[in-house]
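Student: Could we look at this structure together, step by step? I would like to learn how to read it.

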Amino acid sequence: MAKVFSAEEVAKHNTAESCWVVLHGAVYDVTEFLPSHPGGSRIILQLAGRDATAEFDPIHPPGTLEDNLPPTAKLGIVDPESLKKLQRQSNTANPAQEAARPPPPLHHLLNLDEIEAVAKTQVSKKCWAYYFSAADDLISKTYNNTVYRSILLRPRVFVDVTKADTTTSILGGAFKLATPLYVSPAAMARLAHPDGEAGIAKGISRFGAMQLVSHNASMSPEQIVADAKPDQIFGWQLYVQNARAKSEAMLARIAKLPQYKCIVLTLDAPVPSKREHDEKAALEAELLIEASKSEEEKEKAKKRPDSNSGVGQQLFFGTAADLTWDTTLPWLAKHTKLPIVLKGIQTHEDVYLAAQYAKKHPGTVKAVILSNHGGRSLDTAPPAVHTLLECKKYCPEVFDIIEIWVDGGIRRGTDVVKALCLGAKAVGVGRAALYGLGAGGWKGVERTFEILQGEIQTCMKMMGAKDISELGPRFINSRMVERDIFDGGAGLDRTGLWTSRAAKL
């Protein structure tokens, strides 16, 4: 029979030498785990001796405790009355936001800006800060969208556009999609709504769209696809870990789930970036927690190292920064038979290298995603549109070798169509799916895709394009953007695989 503890006994264990927390009514000794916690020890120590369930649940998928703690770490349970006392303490340390106004009916929301605005009123400050945040001054995040406004459409007339077919295929024609619109990896979906990543899957299901699932999902890979439609397509995002065995174990796990059709190797975030909205929210939460503690607890806290950080910083713990063409791709091909998609390509040179690698190693790299991580990694990095235009100018042959997908900045169906006209095979949204989830759970995601898909079809009809295959550069005028792209020459070594790293600018 499990040992029963009082709230007073649990509260005594609030130091780095003896750290207990309560999760779902059970008492855990996490002292030995402190040094290896992805977010650093301080975030746990802030909740030491308390009920940490509300903080823990939204950002940890099921199985996290079992995977990281030995069975002996579970000490027992808290008696029901003491548990209520602990929960009251946690509520004092983390006061609820002002009661959110009921959201308007989803069908009243007509565009993604309105969905985002509603989501902001429904989710926690911590959630909003994590989703909204981007690197430094948010220049890349903003420009990802505004660049599309500088591309003009060129409609044709006297075309029968009774219907507009958005059907396409990906990964060499292996998989059919009803729309080129997909969900990019979007972490921590349960911060927005309990439906989480499975809710995103449900919300996009009737549109025949693909979902690329985040390495840092708040649900397990199995949970996310459990109720998916039989023909629904998923991909799994991979952040390679310093402890390669962890990545290999996850790849083996994904291999057992037939719904996952590709591995999305993310390359644009080798180290954590500075996301000030996210970090500021963490600091404000820290102040609230510290204010609720006794003077004795505050004195102990002063002796702890300052390692507090936002959600984004925490998620990067253990991510490898030593990836190379020569070592990483052979290693990955050894541990997965699924097609590989390289995410986070930001220059035509790297697209060219990916295409050359694909030619030399058939069956490995099938696509690249032009992305600057939604502006969340390196601020002032180029938008996907710039890289698309660079490829058109300097190495157009890559479009015949490898598929090019894009994400970042999509706010309208016209943005999707413009990217397709420039040669993109598929176009992703990340925050939009999370905001939809925050605004109305899975139904909010469904409304988000309903809006975008409707705008895509309307745009195609207005332009005189009956299906995706007809879209091309003559439907757009991108001259205003072309003048701003990189103009330093191709810099490509077409006689061999690798571009010289010493190439002159």
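This is a predicted model: local features need pLDDT of at least 70, side-chain atom pairs count only at pLDDT 80 or more; totals for chains, interfaces and linings use all residues.

Student: Which helix and which strand each supply at least two residues of the lining of the second largest cavity?

Tutor: Residues are numbered from 1 along each chain as its sequence is written, and side-chain values use heavy atoms, without hydrogens and water. A cavity is a set of points on a 1 Å grid over the protein atoms alone where a 1.4 Å probe fits but cannot get out, and lining residues have an atom within 4 Å of a point. Helices (H or I, at least four residues) and strands (E, at least two) are DSSP runs numbered from the N terminus, and the two you want are α9 (196–204) and β10 (210–213).

Student: Which element gives the most to that lining?

Tutor: Among the lining residues are E197, I200, Q211, L212 and V213. With three residues, the top contributor is β10.

Student: In what order do the eight strands close into a barrel?

Tutor: Strands pair if DSSP finds at least two bridges between them. The pairing here is parallel, and the order is β9-β10-β11-β12-β13-β14-β15-β16.

Student: What is the bridge partner of L265 in β13?

Tutor: Four bridges join β12 (residues 260–266) to β13 (residues 340–345), and the two run parallel. In β13, the partner of L265 is L342.

How values were computed: On a 1 Å grid over the protein atoms alone, a cavity is a set of points where a 1.4 Å probe fits but cannot get out, and a pocket is an open set with protein on both sides within 12 Å along at least five of seven lines; lining residues have an atom within 4 Å of a point.
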